[in-house]
Amino acid sequence: MIKVLINGCNGRMGQVLAKEIDRFPNLLLACGFDINDNGINTFPVYTNINDIKEKPDVIVDFSVPIATVNILKYAVNSKVPMVIATTGFTDDSLKEINESAKIIPIFKSSNMSYDINLMKKVVAEVAKSLKGTDIEIVETHHNRKIDAPSRYCYYPCR
């Protein structure tokens with residue numbers, strides 16, 4: 001059984017993830033972490049990292065950059081791997097994530113959509129054949145996404 005901590009558990013994707021975890025018998029939603037406990041979750045929600053009692057096997061982060069950096073410190077200190085699906089990081093935050101990845105396993109993606117990741121791969125391959133052309137993927141999201149668009153993927157063709 002894999003015990004999961006969701007960082008950003010009260011957000012839209014955190015709630016989707018909580019429902020999905022419940023569908024898999026080999027996963028256990030051990031707890032969540034968020035800026036507040038709205039009282040509607042069926043799992044423990046912590047608003048203070050130091051209060052977390054459960055020992056997760058993995059942290060899945062769908063939050064905001066400052067919350068990611070905060071839980072990242074907890075993950076490193078606790079030696080818990082992370083999946084980071086948050087966007088909008090500063091260069092300093094990205095450096096901190098990269099340094100932390102030398103200590104704990106981290107999977108980071110600015111977009112967890114299969115379709116977008118496939119398109120990024122296809123565009124990167126096509127770019128090799130289009131010398132001197134600039135290709136850009138512009139990504140849009142639902143109208144409640146805080147940092148939409150998540151990222152512009154730019155592939156200069158050389």
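Visitor: How do β1 and β2 pair, and over how many bridges?
Guide: Strand β1 (residues 2–7) and β2 pair in the parallel sense, over 6 bridges. Two strands pair here if DSSP finds at least two bridges between them. The strands (E, at least two residues) and helices (H or I, at least four) are DSSP runs, numbered from the N terminus. Keep in mind that this is a predicted model, where local features need pLDDT of at least 70, side-chain atom pairs count only at pLDDT 80 or more, and totals for chains, interfaces and linings use all residues. Residues are numbered from 1 along each chain as its sequence is written, and side-chain values use heavy atoms, with hydrogens and water left out.

Visitor: What stands opposite Cys31 of β2?
Guide: That's Leu5.

Visitor: And which residue is the bridge partner of Gly32 in β3?
Guide: Val45. β2 and β3 run parallel and are joined by 2 bridges.

Visitor: What's the strand order in the open sheet?
Guide: The sheet has 6 strands in the order β3-β2-β1-β4-β5-β6, with parallel pairing. β3 (45–46) and β6 are the edge strands, each pairing on one side only.

Visitor: Is β2 largely enclosed or open?
Guide: Largely enclosed by the rest of the structure, because 5 of the 7 residues of β2 (residues 27–33) are buried. Buried means under 20% relative accessible area, exposed means over 50%, and partly exposed is in between (1.4 Å probe, protein chains only).

Visitor: On to the helices. Which residues of α1 are buried?
Guide: In α1 (residues 12–22) they are Gly14, Leu17, Ala18 and Ile21. Looking down the axis of α1, these buried residues fall within an arc of 105°, so they line one face of the helix. The arc is that of the directions from the helix axis to the C-beta atoms.

Visitor: What covers them?
Guide: The cover of α1's buried residues includes β1, β2 and β4 (58–61). Contact here means heavy atoms within 4.5 Å.

Visitor: Now α3, which residues are buried there?
Guide: Ser93, Ile97 and Ser100 are the buried residues of α3 (residues 91–100). Their arc, seen down the axis of α3, is within 65°, so they too line one face of the helix. Their cover includes α2 (65–78), β5 (82–84) and β6 (106–108).

Visitor: What does the face turned away from the buried side carry?
Guide: On α3, that face has the exposed residues Asp91, Asp92, Lys95 and Asn98.

Visitor: Where does Glu96 sit, and what does it touch?
Guide: Glu96 is in helix α3. Leaving out residues up to four places away in sequence, Glu96 touches Val69, Leu72 and Lys73. The C-alpha atoms of Glu96 and Leu72 are separated by 8.8 Å, with the two residues 24 apart along the chain. Glu96 counts as partly exposed because its relative accessibility is 26%.

Visitor: How about Thr68, buried or exposed?
Guide: Buried, because Thr68 has 0% relative accessibility. Thr68 lies in helix α2. Apart from residues up to four places away in sequence, Thr68 touches Asn7, Asp61, Ser63, Ile84, Thr86 and Phe89.

Visitor: What's the phi of Lys79?
Guide: Positive, about 60°, although Lys79 is not a glycine. Lys79 lies in the loop between α2 and β5. Lys79 counts as exposed because its relative accessibility is 54%.

Visitor: Which residues make the nonpolar surface patch?
Guide: Leu118, Val122, Val126 and Leu130 make a nonpolar patch of about 280 Å². Patch residues have over 30% relative accessible area and no salt bridge, with like charges joined within 9 Å and nonpolar side chains (Val, Leu, Ile, Met, Phe, Trp, Tyr) within 5 Å. A salt bridge is a side-chain nitrogen of Lys or Arg within 4 Å of a carboxyl oxygen of Asp or Glu. Val126 lies in α4 (residues 114–127), and counts as partly exposed because its relative accessibility is 39%.

Visitor: Last one, the chain overall. How many helices and strands does it have?
Guide: There are 4 helices and 8 strands. From the N terminus on, the elements run β-α-β-β-β-α-β-α-β-α-β-β. Of the 158 residues, 38% count as buried. The accessible surface comes to about 9,600 Å², of which 56% belongs to carbon and sulfur atoms. Accessible areas come from the Shrake-Rupley method with a 1.4 Å probe, and for residues only the protein chains shown count as cover.
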